[in-house]
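Hi everyone, thanks for coming. I'll walk you through one structure today, a few residues at a time. Have a look at it first.

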Amino acid sequence: MRFLYAAALAMVALWLSIAPAGAQSVTGTLGSPSATTTIDGKQLPAPDPAFGGVIKDDALQSKPWWAPRIVPTEAAPNVLLIITDDAGFGVPSTFGGVIPTPTMERIANAGLRYNNIHSTALCSPTRAALITGRNHHSAGFGVISEQSTGFPGYNSIIGEDKATIGRVLLDNGYATSWFGKDHNVPAFAASQAGPFDQWPTGMGFEYFYGFIGGDANQWQPNLFRNTTQIYPFEGKPGWNLVTAMADDAIDYVTRLDQTIPDKPFFIKYASGATHAPHHPIQEWVDKIHAMHLFDDGYEKLRERIFENQKKLGVIPADTQLEPWPADVLKNWDDLTADEKKLFIRQVEVFAAYAAYNDHEIGRVVQAIEDMGKLDNTLIIYINGDNGTSAEGGPLGTPNEVAFFNGINKMPVDVQMKWYDVWGTEQTYNHMSAGWSWAFDTPFTWFKQNASKLGGVRQNMAVSWPARIKDKGGLRGQFMHVIDVVPTILEATGIPAPETVNGIKQAPIEGTSFAYTFDKENTDEPSRHKTQYFEMMGQWALYNDGWLLSTKVNRAPWDAFGPANSDPLNNQVLELYDLTKDFSQSQNIAEQNPDKVKAMKQLFIAEAKKYQVFPMDASVAARIVAPRPNITAGRSEFVYTHPMVGLPQGDSPLLINTSYTITADIDVPEGGSEGMILTSGGRFAGYGFYLLKGKPVFLWNLADLKRIKWEGPDALTPGKHLIEFDFKYDGLGAGTLVFNNFSGVGGPGTGTLKVDGKAVASQKMDRTLPMILQWDESFDVGSDTLTGVNDADYQPPFALTAKLNKLTLKVDRPVLSEGDIKKLQEAQAAAMDGAASQAVAVDGKPIQHVQPGPH
């Protein structure tokens, strides 16, 4: 009797220790293999319960006992969180756009449309905010990971005190997964050497299928399953990641349903569409082309979207549409015939990409319905992680990598060479910014512009049939992506944890919008009252209907000039009353100088609170900023074995520097060929290889020009030492510290040597200043994904010679005292010139303006 009584007491004590107070949370008999329990969620992972059985000297006299399986509450919904990429308010037909998005419409018609949710104006930052419920600077993502710098708000490291929604739901009994784009792994932690704590699988997502960088070639992506690189496209012409990730997500959720049907799932579904490169399959290009949506140009498109939005009621009837910005983007009627032809091709491919992606999302939604689980699935479908991208510049580009190396206005006659293959694997394409402006209707400006609603206003559809009954309703409360995590937590009945892995958690900074699910709260005032915005020196503050914002002083394609040295104060400030001015078109700063001053002080307070300082207006300069990657502090690298897949952020960088590459090889009888060393690919990079036995070094300059050093003779059988030596003539990336680009992209002379003898030498008048193709890797002994010169070889092009040793020595320029003095003087002169231009509000000088093109 005492034995049974003690066991019962142990079970009761256990139940009290792990169950939420006042909630009957245990199913089955405690200690049995089938028992489950909810937890209070304050401490994650939940502490191991005390053993509730009895242990004697022998098993026959003992009582076994199993800890109950942790589960969420019985009514907790599945969650499908969808976010698309680089898509402004006017893209989807769901909100008045002309691009068909029937899946988003399906979600909206079954649930609610939201027309007042905001992003951060850039990819990584929005995604960090989305999965943590904290502001992007709080989460270390003031900018994208490829631009990270050594300050808490900008280091691209999500702190352990900010557990993701994946981690919280996982420890509360959910199956968690992530498909598609990540872009929250620091660029310096992306290699197979790890660490993997910042990868999806290290942040609470049990399963990951996608790419970790900012974008990917959808035909041949840098693709991972969990932390292992995979190549499912090899030998499969026409394979495309947009379809493949939908297939994988359907397979995942089907396996889960068949294995443990009562376990709820959380899926983050983040396609690369519609970020460049725009890579839809031909079927969708043909469908969109047949619709002739864009034949009359981007100005007419903008007007048509605007009228559609008013008819749908997704914008107020009195919304104002600002005039076309002819000082920034040419009027359609002023374009040449070739420009019109090219631009229409560009936008049709973009639209096909968006429609194709929505279709594939629809397959995932349908799979959930076919399982009978749609009724209790919360679907949050967010259109865009920022406004539509203008990073193609006014003319668009067949190669986005060229933009990031300063080639932002490639002539149309050059681009026309790619007209027939636009959107295929031969391009890394982006469209004219004129279309981007139109796709942000009714707002102005683009991705990167955090002070304009065109950069930060998204839209969203939410359905949950078991809970949301106001089908087709519209909600206009102010929201931000940081509000998604607390909304999911409220919907699932799971509290934000107090500690995770023993680390006290920072407060959630977002506000749940679950209250808007109820029809009676349609007109409830927003519970999110204040929100700052900042991106690369442009900033804004929302406060209870008011918006203070900086006037745009840099178009996204103007990324290579000196940065605003005082982005907090060296600005023209504008003021808007968004309760009366939905499109941010009526600047009333001059009439309200006191309000401007007060809101600026409030912005400063918010900026201090959320790690926004020190503000930095530089763009391209931060791409080559020093980071703690695995090459930091090293000048010599040795490889003795073939190795592929080392990402750009973790490999030796051979731009703006002198370097020497030496390969010790043995050539077999009959000769050899193949790749010795390559980094980058079809759209920018270099390769050191044997071609028909001859040594070759080649620089691919953004797919516009290839410079080749080639030996005159094939190597004879036996041991050889081949070397490529490059002497860089510029001052190097150190000039960027002084807001000066003079040291990058300079000339240099390369010399190819065989067994100590020079066999080819030539000068490069210009070199790549910033970056190689980022979704390609540093490979030794073969070439993965795309090659640097299709005319010479096709990957993998494995080396058939024996590689004994490959040595890479880097000799980076060091600024002299004289160089530093000149740069400091030039920087001071530039700062004085900018500061001398005072701008007054109501006759009183209160800030300065940075000279700019607009």
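Let's start with a question: which backbone nitrogen lies 3.1 Å from a polar atom of the side chain of Asn217? The answer is the backbone nitrogen of Gln220. That's a polar contact, meaning a pair of N or O atoms within 3.5 Å; within protein, one must be able to donate a hydrogen and the other to accept it, and residues adjacent in sequence count only if both atoms are side-chain atoms.

Before I go on, a word on where this comes from. It's a predicted model, where local features need pLDDT of at least 70 and side-chain atom pairs count only at pLDDT 80 or more, while totals for chains, interfaces and linings use all residues. Residues are numbered from 1 along each chain as its sequence is written, and side-chain values use heavy atoms, with hydrogens and water left out.

Back to Asn217. You'll find Asn217 in the loop between strand E8 (207-211) and strand E9 (223-225). Helices (H or I, at least four residues) and strands (E, at least two) are DSSP runs, numbered from the N terminus. Asn217 has a relative accessible area of 1%, so we call it buried. Buried is under 20% relative accessible area, exposed is over 50%, and partly exposed is in between, with a 1.4 Å probe and protein chains only. Leaving out residues up to four places away in sequence, Asn217 touches Pro277, His279, Tyr428, Phe683, Asp775 and Thr786. Touching, or contact, means heavy atoms within 4.5 Å.

Next stop, Leu169, which sits in helix H4 (residues 165-171). Leu169 is buried, because its relative accessibility is 0%. Again leaving out residues up to four places away in sequence, its contacts include Tyr174, Phe266 and Ile494. And here's one to look for on screen: Leu169 and Ala496 are 327 residues apart in sequence, but 9.8 Å apart in space, C-alpha to C-alpha.

Now for charges. Side chains of opposite charge can pair when their charged atoms come close. There are 29 salt bridges in this structure, a salt bridge being a side-chain nitrogen of Lys or Arg within 4 Å of a carboxyl oxygen of Asp or Glu. One of them joins Asp262 and Arg69, at 3.8 Å from N to O. This pair links distant parts of the chain, 193 residues apart: Asp262 is in the loop between helix H5 (241-259) and strand E11 (265-270), and Arg69 is in strand E4 (residues 69-70). Asp262 is exposed, at 58%, whereas Arg69 is partly exposed, at 36%.

Where do Lys310 and Glu307 sit, three residues apart? Both are in helix H7 (residues 298-312), so about one helical turn separates them.

What about Glu574 and Lys452, buried or exposed? Both are buried, and they form a salt bridge with the closest N and O atoms 3.5 Å apart.

Last, the rings. We have 49 aromatic pairs: rings of Phe, Tyr and Trp (its six-membered ring) pair if their centres lie within 6.5 Å, with planes under 30 degrees apart counted as stacked, over 60 as edge-to-face and the rest as tilted. Phe403 and Phe404 have ring centres 4.7 Å apart and planes at 80°, so they're edge-to-face.
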